[in-house]
Amino acid sequence: MTDDELRELLDQYDRLVMEAVTGQITFYVFQDRYGTFYLDYALDGHESMPKEQENLERYGGRITLHREITYLVILHITSEELLSHPDAAKHGFRGEGLAHKQLHTTHSN
């Protein structure tokens, strides 16, 4: 991915996060559009060539936000039905409401 492509992609997903945090879109819409962005684009760099690694490092701070959203919010969302399972909270799963609060917290850090 070129520098321009990465910057445009981050701009797009940064806007999406801001729309969710400011209430312009619901958390459900955010979750649907955001998906597993960080993982889908391998922003950890595990599939990157040296030039792409440089680009990832250049945008490291912005990428860190998306890593945290993925691992602290997106991958811990579960349905209300499954949330009632005794082990759900023990393993860090949360419903949409708590996940939305975590998105706010992650974004403000």
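In this predicted model, D3 and R7 form a salt bridge, with their closest N and O atoms 3.1 Å apart. Both residues belong to helix α1 (residues 3-21), where a spacing of four residues places them about one turn of the helix apart. R7 also meets D4 in a salt bridge, at 2.7 Å from N to O. D4 and R7 are three residues apart in helix α1, and therefore about one helical turn separates them.

A further salt bridge joins the side chains of R62 and D14, again described by an N to O distance of 2.7 Å. This pair connects distant parts of the chain, since R62 lies in helix α5 (residues 60-72) and D14 in helix α1, 48 residues apart. Through shared partners, salt bridges join D3, D4, R7 and R58 into one network. The structure holds six salt bridges, including those described here.

The relative accessibility of residues in these pairs is listed below.

| Residue | Relative accessible area | Class |
|---|---|---|
| D3 | 22% | partly exposed |
| R7 | 30% | partly exposed |
| D4 | 42% | partly exposed |
| R62 | 25% | partly exposed |
| D14 | 22% | partly exposed |

Apart from the charged pairs, the surface carries a nonpolar patch of about 250 Å², made by L39, Y71 and L75. L39 is located in helix α3 (residues 37-40). Because its relative accessibility is 36%, L39 counts as partly exposed.

Key:
Residues numbered from 1 in each chain as written. Predicted model: local features only at pLDDT ≥ 70, side-chain atom pairs only at ≥ 80, totals over all residues. Heavy atoms only, no water. Patch = residues over 30% accessible without salt bridge, like charges linked within 9 Å, V, L, I, M, F, W, Y side chains within 5 Å. Areas by Shrake-Rupley, 256 points an atom, 1.4 Å probe, with all protein chains shown as cover. Salt bridge = Lys/Arg side-chain N within 4 Å of Asp/Glu carboxyl O. Helix = DSSP H or I, 4+ residues; strand = E, 2+ residues; numbered from the N terminus. Buried < 20%, exposed > 50% of the residue type's maximum accessible area, 1.4 Å probe, protein only.
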